Amino acid sequence: MCGSATRALKSVSRAAFSWKPTGLPQQTLAAAISRSGVGLHSGAKTTATLLPARAGEGRYFVVEGEETRVAAEVANAEAHSPLCTTLQRGSARVRTVEHLLSAMEALGVDNCRVEVGGGDEIPLLDGSAQEWVMAIRDAGLCAAKDSSGQKLEKLAAEIYRPVYLQKSECFIAALPSSRIRVTYGIDFPNVPAIGCQRFATVLDSNVYSSKIAPARTFCIFEEVEKLCAAGLIKGGSLENAMVCSMSGGWLNPPLRFEDEPCRHKSLDLIGDFSLLAQNGNQGFPIAHVVAYKVCS
């Protein structure tokens with residue numbers, strides 16, 4: 001979960017990119033989707049219902065009991081949101097949005113109304129984005145139309161000057177590239193079963209679905225008590241998160257990938273970059289995004 005990456009996005013200079021036509025129409029879901037499950041931090045059983053939206057509306061959340069729409073945009077991201085990405089506008093707030101937004105961004109769900117019931121948190125499901133991917137593929141996509149019945153061309157931000165942000169040993173960079181690429185690194189020197197990992201890939205919907213979406217969230221066993229005392233991970237369990245001990249290794253194997261932790265951090269990063277999207281356009285830029293330990 002990448003609150004740090006979200007804050008980094010707010011510092012991106014508009015002089016470093018320009019909006020480029022993709023030649024593709026903005027898309028939305030062809031049918032509604034609904035999934036229920038436990039919220040990671042609240043522990044409440046919540047439901048997220050995804051509905052088709054008009055072209056130009058973008059992705060936004062409507063929380064039960066609130067009238068305000070919360071657009072999935074950087075401007076609504078909370079600066080300090082431990083272990084998840086939180087969006088807020090006025091009194092309306094929605095937490096742990098990164099897995100769902102990651103799947104929608106990667107599969108091209110550009111416009112979508114997400115209704116959240118039972119609490120203010122997106123259900124964690126199995127801790128990955130795999131179930132969202134399967135649901136989106138089952139529902140299908142179609143060209144979105146605006147209120148006048150017109151299709152809108154999808155734009156994407158193209159990076160043409162390197163952008164770089166560093167804090168201590170953590171950094172994130174976006175470099176000019178003709179294709180979307182992601183390189184991510186993590187290092188857990190006190191947890192030998194995880195250790196130092198690197199994951200790099202060209203990013204498209206098929207690569208995302210097979211190599212990134214199945215990767216599950218994880219935590220360190222020795223940190224669980226501290227997180228619980230802070231009022232976090234009330235809904236966490238061995239069924240929706242991988243748990244690794246500093247001395248004993250993984251408590252609930254097998255892993256889906258040898259480098260599953262690093263792939264999951266890449267999943268979170270894509271979810272946070274989706275917040276660059278506005279008005280139904282692409283969020284993740286046409287760039288090579290290189291990150292090291294920015295998701296925590």
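In which loop is the place of Leu-83? The legends below answer this and describe further views of the predicted model.

**Figure 1. Leu-83 in its loop.** The loop between β6 (70–71) and β7 (86–89) holds Leu-83; strands (E, at least two residues) and helices (H or I, at least four) are DSSP runs, numbered from the N terminus. Although Leu-83 is not a glycine, its phi is positive, at about 60°. Most residues other than glycine have a negative phi, and most peptide bonds are trans. Leu-83 has a relative accessible area of 25% and is partly exposed, where buried means under 20% relative accessible area, exposed over 50%, and partly exposed in between (1.4 Å probe, protein chains only).

**Figure 2. Ser-168 in its loop.** Ser-168 is placed in the loop between β12 (163–167) and β13 (170–175). This residue, not a glycine, also has a positive phi, of about 55°. Ser-168 counts as exposed because its relative accessibility is 66%.

**Figure 3. The peptide bond from Pro-253 to Pro-254.** This bond is cis, with omega near 5°. Pro-254 lies in the loop that runs between β18 (249–250) and α6 (260–273).

**Figure 4. The largest nonpolar core.** A nonpolar core is a set of buried Ala, Val, Leu, Ile, Met, Phe, Trp, Tyr and Cys residues joined through side-chain atoms within 4.5 Å. The largest one has 59 residues, and Leu-50, Phe-61, Val-114, Ile-122 and Tyr-208 touch the most other members. Helix α2 (residues 98–107) contributes the most to this core, namely six residues. Domain 1 (23–155) and domain 2 (156–267) each supply at least three residues to this core; the domain bounds come from an automatic or database domain assignment. In soluble globular proteins, nonpolar side chains tend to be buried together.

**Figure 5. The surroundings of Tyr-208.** Contact means heavy atoms within 4.5 Å. With neighbours within four places in sequence left aside, the contacts of Tyr-208 include His-99, Ser-102, Ala-103, Ala-106 and Leu-107. Ala-129, Val-133, Leu-203, Ala-213, Pro-214, Leu-267 and Ile-270 are also in contact with Tyr-208.

**Note to the figures.** Residues are numbered from 1 along each chain as its sequence is written, and side-chain values use heavy atoms, with hydrogens and water left out. In this predicted model, local features need pLDDT of at least 70 and side-chain atom pairs count only at pLDDT 80 or more, whereas totals for chains, interfaces and linings use all residues.
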